[in-house]
Amino acid sequence: MVVLRIRNVHKRKYALICLCIAGFIMYRYLGMSGRGRRMSRKVGLCANTSQFTLEGEPFRIIGGSIHYFRVPRAYWRDRLMKMKACGINTLTTYVPWNLHQPEREVFSFQTQLDLQAYISLAAEMELWVILRPGPYISSELDLGGLPSWLLQDSSMRLRTTHPGFIQAVNTFFDKLIPKLVPLQFKKGGPIIAVQVENEYGSFAKDQSYMLFIKEALQSRGISELLLTSDKHKTLKSGGVDGALRTVKLQKLNQRNIQELTAIQPNNPTMVMDYWTGWYDIWGELHHVLPPEDMVSTVREILRRGMSVNLYMFHGGSSFGFMSGALANPSYRALVPSYDYDAPLSESGEYTSKYHLLRDLLSRYKNTGGSDSLPDMPVLHYREAYEPAIMYQHLSLWDALSFTEGPFKSTKPVNMENLPVNNRNGQSYGYTLYETIITRGGLLQSGDNVRDRALVFVDRSYIGLFKRQSLELAVPDGKGRRTLSLLVENCGRVHQGRELDKQRKGLVGDILLNNIPLRDFTIYSLDMKPSFLDSLYQAPWKSLSETPSFPGFFMGRLFAYGYPSDTFVKLPGWEKGVVFINGLNLGRYWSIGPQQTLYLPGPFLNSGINQVIVFEEQEGDFKVHFEDQADLGMAADIQ
C-alpha cells in the first residue's frame, strides 16, 4: 500500500511537470510567435515619434519586396519561407493594375493574381505587409503597370486628375480596395501600411492628384498608416499631407537622409526602396551590386536606427510581355529576367548576398520574436533536360487567318486603337500592317514605328526599321506588290514624363517617295493563349532545311517524374518569343545580356510538354535546357 502511494505521488509529480512544460510551450507559441494575434489592434503602425511603434511597442521595419505576379503561385510559400528565414519581418509588394484589369470590363484576381491569398499566406508566415497599390507603380513594368487601353483616349493625361484617368482609377479601386480592407492590421490582418502612388515627385504634373489618390484609398476603407516614396531630390513634390515620406536610394548619403529629416524632423526615417541590385536592358551588360557593398549599406541603415525595405529581396521574372522600357537618353527595352541581382536569385536560389544578410539580420531580435532565425528551406532541384528538336514549322503568313481580324483602315492605326479584345485595343506583341505598292523607292518611317519593324515586299524580307533607323530602300518591281511591316511593341516606357506618348505599332504615316502610304490591312498578333490554342488547327508542316521567317517552330520537351526547374537557352536563334504549354515565358534576343529564360517546374507537365518558338529571322531548330541561369556578362553598377 505504501509503495502504491509513493507511485501515485510520483505520477502526480510527473503530471505536474508535463503540465508545466505544456504551459510553457503554449506561452511561447501564443505569447511570442503569435504575438500579433494577442495585440489589441486598435492603433496599428504609428509614425508620431522618431521611431515606429506597432500597437504602442517600438518597431523597426526590416522589409523585403517579392512581387506575387513575378513568382509562380506554386512557389509563393517557398519564397516567403526563405524571406522569413533571412530575418525579414515585413513583405512589400506592388499591385499591377494592367494585369488585374486587362480590359475595361474584365477583372482578374484569381490563380496567379490572387492577391488576397498572397497576403493571407504572408500572415500565415507571420510577416507584416506593406502594400503598394498604385495605381501607377513603375516596377519596370510596361507603362509602369497602367493598362494600355487608357491610351485609346487621345487626350489622356496619365497620373493626373484628367477626368478619364480619375474615372478609370475609381473603377479599379472599387474592385481592388474592398478585397484589401479586411486584411488590414486593425481588422486582424497583416497589412500595417499602404503606399500612396509611387515616386510622384519625379512626375508632379498635377498638385491635386496625390490628394485624390489618398482620399480614394481612405474613402474605401484604408485606415492604416499611409506612406509616399521618392528619391531624395523629389521628396517635397512627391509627398501629400497625412502620409509619411520615405526615400529610395542605393548609396547611403548623409545629405539625402538630412533632406528627409528636415522635411519631417519628428518622424521615423525609412528607406522604402534600398536597391539591392538593378534591372537589365537589351544590348547592355548584366548589372550587379557587390554583396559586400549591399550588406555594408544595410548595416549602416540599421546602425542609425532607420527602417528599411530591400527592393528587391527576390525579383523573379517578368513573364510574357510584362517588361517596361526607358526613354532617356534613347529608347531601350528591358529583358524579361527580373533577377535584379537580389539576395534570392530569379529561380529562388540562395546567393552570397542572402547569406551575408542573414548573418547581419540574425543580430536583430524583432524579426518574429524568437531568439534564432528559422531554418533555411531546402532548395528545389534543377535539371538540364534533353534538347527539344523542332519538328514542325508554321509560316507567319499561314498563321494570319487565326488572328482576330483583319481590319481595314485608310491610315495606319496604332495597336491600342485597334478594334480587338472587345474594343479595348491590343496591349502587347506584334502588329502586321500591309498595303499595296506599285513602285520602289525610298521608304521613310518618320520615327512613327514603335518600336521595331521587319519590312517585307511580297513576303521577302528587305530590311528593318527601328528608332535610330528611319529610311529603307524598296527595290523596284513590276505591277502591284504587297508591302508588309511587322511591328513589335518591345515594351512601353515605365517611368518619366513621356507616359502619355507610349502608343505602339504605327503611330503616324509611313512615306514612300515622300507620299504617305494608304489603305492598310492590319493583323493583331498579341500572342495571347487563345491565339496559341487556335494554332492547333493551323497547317503546320514538317520542318524543312530552309523554312521561311518569321515563323513558328514546334517541338517537345520530355519531363519524367516530378518536373524540375530548368533554363531555356537558344544558341543559333536570333530574336523571338518562347511558349511552353501555351504560356509565354518571354522574349529572347541574341544581343543579350540575358542568354537563358527561367522555366519553373510548375509550368511543366510530367511527360510531354509543347515548346513553340516564334522566331523573327534565324533559327537553329533546337532548344536547349540548362540547369544554370546565364544572365550574361556582368558589370558593377556605377
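Colleague: Which residues of helix α11 (residues 352–361) are buried, and what is the arc they cover around the axis?

Modeller: This is a predicted model. In α11, the buried residues are Lys 353, Tyr 354, Leu 357, Arg 358, Leu 360 and Leu 361. They lie on the same side of the helix, because the arc they cover around the axis is only 160 degrees.

Colleague: What is the closest distance between N and O atoms in the salt bridge of Glu 300 with Arg 303?

Modeller: Both residues belong to helix α10, and since they are three residues apart, about one helical turn separates them. Glu 300 is partly exposed at 23% relative accessibility, whereas Arg 303 is exposed at 59%. Their closest N and O atoms are apart by 2.7 Å.

Colleague: Which side chain does Arg 304 meet in a salt bridge?

Modeller: Arg 304 has 33% relative accessibility, so this residue counts as partly exposed. The N to O distance in its salt bridge is 2.9 Å, and the side chain on the other end is that of Glu 300.

Colleague: Are Glu 488 and Arg 587 buried or exposed?

Modeller: Their side chains meet in a salt bridge, 3.0 Å from N to O. Glu 488 is in strand β24 (residues 481–488) and Arg 587 in strand β33 (residues 583–589), so the pair ties together parts 99 residues apart in sequence. The cut-off for burial is under 20% relative accessible area. By that cut-off, both Glu 488 and Arg 587 are buried.

Colleague: Which residues are linked with Lys 231 in a network of salt bridges?

Modeller: The count of salt bridges comes to 31. A salt bridge needs a side-chain nitrogen of Lys or Arg within 4 Å of a carboxyl oxygen of Asp or Glu. The network that includes Lys 231 also holds Arg 132, Glu 199, Lys 248 and Asp 273.

Colleague: What is the accessible area of the nonpolar patch formed by Phe 558, Tyr 560 and Ile 608?

Modeller: Phe 558 is part of strand β30 (residues 551–559). With 38% relative accessibility, Phe 558 counts as partly exposed. Together with Tyr 560 and Ile 608, the accessible area comes to about 360 Å².

Colleague: What share of the contacts with a separation of 6 or more is between residues 24 or more positions apart?

Modeller: Of the 638 residues in the chain, 59% are buried. The accessible surface is about 26,000 Å², with 52% of it belonging to carbon and sulfur atoms. For contacts with a separation of 6 or more, the share from residues 24 or more positions apart is 79%.

Technical notes. Residues numbered from 1 in each chain as written. Predicted model: local features only at pLDDT ≥ 70, side-chain atom pairs only at ≥ 80, totals over all residues. Heavy atoms only, no water. Buried < 20%, exposed > 50% of the residue type's maximum accessible area, 1.4 Å probe, protein only. Helix = DSSP H or I, 4+ residues; strand = E, 2+ residues; numbered from the N terminus. Arc of directions from axis to C-beta. Patch = residues over 30% accessible without salt bridge, like charges linked within 9 Å, V, L, I, M, F, W, Y side chains within 5 Å. Areas by Shrake-Rupley, 256 points an atom, 1.4 Å probe, with all protein chains shown as cover. Contact = heavy atoms within 4.5 Å.
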